[in-house]
Amino acid sequence: MLNDLFAQLRTATAPAEIEALQNGIWQVWLTTGDDALDKQLEDGMRALQAADFTRAIGVFDALIAAAPHLAEGWNKRATAYYQRGDYRASLADIAETLRREPRHFGALWGQAAILRQLADPRRALRTLKQLEALCPHLPGLREQQLALREQLEDGGF
């Protein structure tokens, strides 16, 4: 099912279709098949929504310890670190997410955002190229790539 959704995402051109396909993929990623793990994931996401990043990180720490193979545990903890401003820890967890799910467009988008904030446009652009391979018509992608290319040309990075 996931492979089919990604195949459709590569050819989707309409923003509504892209969003629907991404939502379908997120639903797969957010369902572990284990009620206890699903509850942990939901608890961590509620902490994220409440901006309780320390609690969220603790919940995702426990989830990762219980199920290190789940990409979404790593991704959600990366999000918590990012929102707390700990970009290095977020990048480390994004790397773990991508090790488990190289097609994780959320992790790739987040990685590119962090790299832009860390003034590393070359790596951010490489990350967006990976994202482009997954979803060439992702809204906002071309504009981000263009801005990074212009930054590289103007800034001599």
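A salt bridge here is a side-chain nitrogen of Lys or Arg within 4 Å of a carboxyl oxygen of Asp or Glu. Side chains of opposite charge can pair when their charged atoms come close.

What you see above is a predicted model, where local features need pLDDT of at least 70, side-chain atom pairs count only at pLDDT 80 or more, and totals for chains, interfaces and linings use all residues. Residues are numbered from 1 along each chain as its sequence is written, and side-chain values use heavy atoms, with hydrogens and water left out.

By this rule there are eleven salt bridges. Asp 43, Arg 46 and Arg 55 are linked in a network of them.

Now some pairs within helices. Helices are DSSP runs of H or I, at least four residues, numbered from the N terminus.

In helix α5 (residues 71–84), Glu 72 and Lys 76 are four residues apart, about one helical turn. Their side chains form a salt bridge, N to O 3.3 Å. Buried means under 20% relative accessible area, exposed over 50%, and partly exposed in between, with a 1.4 Å probe and protein chains only. Glu 72 is buried at 4%, and Lys 76 is buried at 13%.

Helix α6 (residues 87–100) holds Arg 99 and Glu 96, three residues apart. Here the N to O distance in the salt bridge is 2.7 Å. Arg 99 is exposed, at 57% relative accessibility.

Last, helix α8 (residues 121–134), with Glu 132 and Lys 129 three residues apart. They meet in a salt bridge at 3.4 Å, N to O. Glu 132 is buried at 16%, whereas Lys 129 is partly exposed at 43%.

Terms used
Helix = DSSP H or I, 4+ residues; strand = E, 2+ residues; numbered from the N terminus.
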